[in-house]
Amino acid sequence: MKSSEIDQAVAILKCGGLVAFPTETVYGLGADASSAGALRKLYAAKGRPAEHPVIVHLADVAQLPLWAREVTPIARKLARKFWPGPLTLVMLRAPGVSDAVTGGQDTIGLRVPAHPVAHALLEKFGGGIAAPSANRFGRVSATTAQHVRQEFGAAVDLVLDGGQSEVGIESTIVDATGARPVLLRPGGIAARAIEQAAGASLGAPQAEAPRVPGSLAAHYAPATPLQLLEDDLLLELAATLTRQGKRIAVLARSAQRPLLTGLTWIAAPRDPREYAHDLYSNLRELDAEECEVILVERPPQLPEWAAINDRLGRAATGSRRL
Ligand code: TXA
Ligand code: MG
């Protein structure tokens, strides 16, 4: 990435424009977090309801006091262990942080990303960059610059291309306001690793839990209906539907592609990290086939698959509602 491109991105942000940038989780759609006008533009581009908070990205932990009024011992430990990295910490917001960022709540989501382009941008910009995942509300997140352009076209002023996102799914979100960490969204960092670093077991989400649209039952959805199935049922259904002349897309875990006509078949990686890395681009590729349905072979119900199972479950629910 040329430094002139970063300079251009900074200039756009300072004028209230939108810049999409790579992070190690997924691409973010960035706006100046201290500008009400820029945030309005961001929400409009994303089609996101105003009461949904966005994550503010920072260059480093030194900027934390500008955005959070209290850094709890849990927050300190988790930030020290996982920043820069795929972790978002929810903290009490500092005075002066606008309602447009927090969705009117008293808390703020903060993250120091590890991607070199994100870091260069944040450092040169100097302030906080509000950035939701660079997809239209409810849709599949973008893990390449090309996906971002497909989602937004001219609605985004500049897309910084930093290659394919390494983690592939969104950050782990932890509410770090209390004595125990509370997992709000599973992600790149496993629950067990959070507990170990915090030196405390996970607390239960409170009834008054912060609102997390990424945790709406319907989210991360392709336009094609998506169904999650065990492998034997998947093969049976694929055989039945293709026999009826329907075109079917499959995200399988087995490389054994059955000999059926009308089948688009992707054999996903066996390893959960690689599976997550490829997940959204695989879903986009299958969605683009415009088949009757996307059948996804249900991954194992194991901790290392938790974030993937979370996203697939919501994608299934989301696609049915559309
Ligand atoms: O990996 C990621 O987290 C990516 C990259 C770009 O950083 N961002 C991302 O943003 O996934 P978004 O807007 O798609 O999801 C952010 C989630 C939302 O579910 C939002 O509700 C939650 O973070 N969030 C933000 N601020 C919060 C707060 N104060 N309390 C609770 N949840 C919050
Ligand atoms: Mg999102």
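Student: What should I know before I start?

Tutor: The model is predicted, so local features need pLDDT of at least 70 and side-chain atom pairs count only at pLDDT 80 or more, while totals for chains, interfaces and linings use all residues. Residues are numbered from 1 along each chain as its sequence is written, and side-chain values use heavy atoms, with hydrogens and water left out.

Student: Which residues touch the most other members of the largest nonpolar core?

Tutor: General idea: a nonpolar core is a set of buried Ala, Val, Leu, Ile, Met, Phe, Trp, Tyr and Cys residues joined through side-chain atoms within 4.5 Å. Buried means under 20% relative accessible area, exposed over 50%, and partly exposed in between, using a 1.4 Å probe and protein chains only. Here the largest core has 46 residues, and Leu 29, Leu 78, Trp 83, Leu 87, Leu 89 and Leu 110 touch the most other members. A second, separate core of 25 residues includes Trp 305 and Leu 312.

Student: How many aromatic pairs are there?

Tutor: Rings of Phe, Tyr and Trp (its six-membered ring) pair if their centres lie within 6.5 Å; planes under 30 degrees apart are stacked, over 60 edge-to-face, and the rest tilted. This structure holds 2. Tyr 220 and Tyr 280 are stacked, 6.4 Å centre to centre with 15° between the planes. Tyr 275 and Trp 305 are edge-to-face, at 5.2 Å and 75°. Tyr 275 and Trp 305 are both buried.

Student: What sits over the ring of Tyr 220?

Tutor: A charge counts as over a ring if NZ of Lys or CZ of Arg is within 6 Å of the ring centre and within 35 degrees of the ring normal. In this case the charged end of Arg 311 does that, 5.1 Å from the centre of the Tyr 220 ring.

Student: And salt bridges: how many does a search of the whole structure find?

Tutor: Side chains of opposite charge can pair when their charged atoms come close. The cut-off for a salt bridge is a side-chain nitrogen of Lys or Arg within 4 Å of a carboxyl oxygen of Asp or Glu. The search finds 13. In one of them, Asp 99 meets Arg 93 at 2.9 Å, N to O. Asp 99 is partly exposed, at 47% relative accessible area, whereas Arg 93 counts as buried at 14%.

Student: What about Arg 298 and Glu 230?

Tutor: Their side chains also meet in a salt bridge, 2.9 Å from N to O. That pair links distant parts of the chain, 68 residues apart.

Methods: Chains are lettered from A and ligands numbered from 1 in the order in which they are written. Helices (H or I, at least four residues) and strands (E, at least two) are DSSP runs, numbered from the N terminus.
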